[in-house]
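Open the model in your viewer and keep the selection tool ready. We will go stop by stop.

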Amino acid sequence: MTPARKTFLWLAAVIVAVLAGAVLALVRTFPHSPPALPPELVPPSWTEYRTSAGHVQHVGKGTIVCTDCHTQTSGGFQKPDVAVCTHCHTKESGQTHHGGSKKTDCLVCHTFIPGQVVPTCIGCHAEAQALVAAVTTHRTIDCQSCHQTHETPAVTSKPCAECHTEKSLSHANHEKSQDCLDCHKPHAPAMAARDTCSSCHATPRGPKPAGHDSCLTCHKPHDFTATGARTCQGCHGAKPTLLASLVTEGPMPHAQCTGCHTPHAPGAAANSCRQCHSEVHVDHRGKDECIACHVPHGTDTTTKASACTSCHEHIGATDRDTHAKGLVCTNCHVPHSFPTPASKMTLCTGCHASEISLVAQNRGHADCGSCHGRSAHRPSPAPACSTCHTKEAATATAGHQKCATCHEPHAGTLLPQATTCKSCHQNKSQVLHANLPAGCETCHRAHGPEGIAAAPSCVSCHQPKSLPALHTAPAHAKCTQCHTAHNPPSSDRATCTSSCHVDRQNHQPQAAVCTGCHVFRR
């Protein structure tokens, strides 16, 4: 080989080495360089995927190759599972972000897809996420100023006072206070704090009177002290109070609002009366409310108790317009002791003792109101018995429609004169069937639904085969041709010859009766 050729080859080698070094340096520094793999193994899609945020962060630095995360097959690179992230990010994988009810994997926040916008916190948290409310307040503040996704603790809030100059004067001066966070939630509107008072101030419980449902009605949120509350007169003004000029001493003077009303439960003042009047026990429709009759803030503060008809106007225009007219309410009702509905019968006893004794014998009549109406103050005339006893009224025989003819109205028992049918049906007391063992009830009933609805046929007792003599003749099979239920049989000559035996009218004209020869008895 000639010296000139050797020189040429040496220069070519140097040039190649320089170019190779330059290319290698470019690959290592340029963030969109292809992976450090042989060109034939790099998939064509790399040129598209290399622009994604995840690939720029990982492969673009030249420290990670494709096969560190991807498995290569004959079909190209396979999409890796999120578990591959733990190979390098052990700490972060142990402190993952929670999304909804399940843990959020790495690829939810870190994107490796080309053209996909890098997710932001507010992108998800602008809407409620399971139990986590939507972020409204502070949504424009950098989330990482308080939240560290892969750190412990995950939330390190900034002092509120750095932005908010309002400061509580004394409200947060208590053990375990979180300062502003006692009332305010970082992402909730400031006005939502007005509903958080009960989280610390659990009493009193239950609904509050109108105008007292919000603590801020009386208390200022950032100057919350007991002595700083508004006075009652600030909203309600001065009110006339029952006997205020007389009850000026004791634990509950009437002239002071707080004598009867407690600031956090003003509606419970009705129960404060018993603190002074413990000897009075009221039973008024099952309630113990003094103010039902003793109006605390009425126009006439000298009237100790209201008239009964001021509430019960449906009873009468005055307290003397009740029941039998002229009776006052206290004739039946004792003040402070009104019987419950279960004991109303005791009210009637004073005047109606005999009737109450009678109805005790009849379960259906035990309730006076069932016949005399539900208003003892306006009793109704007793209705017809058929109002309740419809079956008896519908089945009563002629002459038995007036129930009181036989029954005592209150007890419902039979009157002495009605114990037997003969008291009314005297003309039938000596008839053929009067002395039957069961009496008249053998064939009759006064009314239903029990007893015999209609008189049975004769053959129900008198079987044709057992009857003697001419009774067995076929022409005599119909009993009513000769017999009636309450009279002896009609066997005179006129009966026999005028209806059946017309051809025998001149037969033995001197015979007064046919039965002299034609025997019907044994």
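Partly exposed means a relative accessible area between the buried range, under 20%, and the exposed range, over 50%. Keep that scale at hand for the whole tour. This is a predicted model.

**Stop 1: confidence**

Colour the protein chain by pLDDT. The average is 79. A score of at least 70 is reached by 86% of the residues. Now select residues 22-34. Here the pLDDT is below 50. Beyond near neighbours in sequence, this stretch has eleven contacts in the model.

**Stop 2**

Select cysteine 215. Is cysteine 215 buried, partly exposed or exposed? Its relative accessibility is 29%, so cysteine 215 counts as partly exposed. A disulfide needs the two sulfur atoms within 2.5 Å.

Go on to cysteine 160. It is partly exposed, at 28% relative accessibility. Which cysteine sulfur is closest to the sulfur of cysteine 160? It belongs to cysteine 180, and the gap of 4.0 Å is too far for a bond. The disulfide count for the model is zero.

**Stop 2: a buried threonine**

Select threonine 309. You are in the loop between helix H8 (257-260) and helix H9 (345-349). Threonine 309 has a relative accessible area of 9%, so it is buried. Show its side chain together with that of aspartate 319. The two side chains make a polar contact at 2.8 Å.

**Stop 3: salt bridges**

Side chains of opposite charge can pair when their charged atoms come close. How many salt bridges does a search of the whole structure find? It finds three.

Select glutamate 151 and lysine 91. Their side chains meet in a salt bridge, 3.0 Å from N to O. This pair links distant parts of the chain, 60 residues apart. Glutamate 151 sits in the loop between H6 and H7, while lysine 91 is in helix H4 (residues 90-94). Both are partly exposed: glutamate 151 at 37%, lysine 91 at 44%.

Next, select lysine 158 and glutamate 162. Their salt bridge spans 4.0 Å, N to O. Lysine 158 is partly exposed at 39%, whereas glutamate 162 is exposed at 54%.

Then select aspartate 503 and arginine 504. Here the N to O distance in the salt bridge is 2.6 Å. Aspartate 503 is exposed, with a relative accessible area of 58%. Arginine 504 is partly exposed, at 42%.

**Stop 4: backbone details**

Switch to the backbone. Select threonine 152 and proline 153. A cis peptide bond joins them, with omega about -5°. Proline 153 is in the loop between helix H6 (121-125) and helix H7 (233-236).

Jump to glycine 448 and proline 449. The peptide bond between them is cis too, with omega near 5°. Proline 449 lies in the loop between helix H12 (390-395) and helix H13 (493-499).

Return to the loop between H6 and H7 and pick histidine 138. Its phi is near 70°, a positive value in a residue other than glycine. Histidine 138 is partly exposed, at 39%.

Last, select leucine 243. It is in the loop between H7 and H8. Leucine 243 is not a glycine, yet its phi is positive, at about 55°.

Note on methods: Residues are numbered from 1 along each chain as its sequence is written. This is a predicted model: local features need pLDDT of at least 70, side-chain atom pairs count only at pLDDT 80 or more; totals for chains, interfaces and linings use all residues. Side-chain values use heavy atoms; hydrogens and water are left out. Helices (H or I, at least four residues) and strands (E, at least two) are DSSP runs, numbered from the N terminus. Buried means under 20% relative accessible area, exposed over 50%, partly exposed in between (1.4 Å probe, protein chains only). A polar contact is a pair of N or O atoms within 3.5 Å; within protein, one must be able to donate a hydrogen and the other to accept it, and residues adjacent in sequence count only if both atoms are side-chain atoms. pLDDT is the predictor's confidence in each residue, from 0 to 100. Contact means heavy atoms within 4.5 Å.
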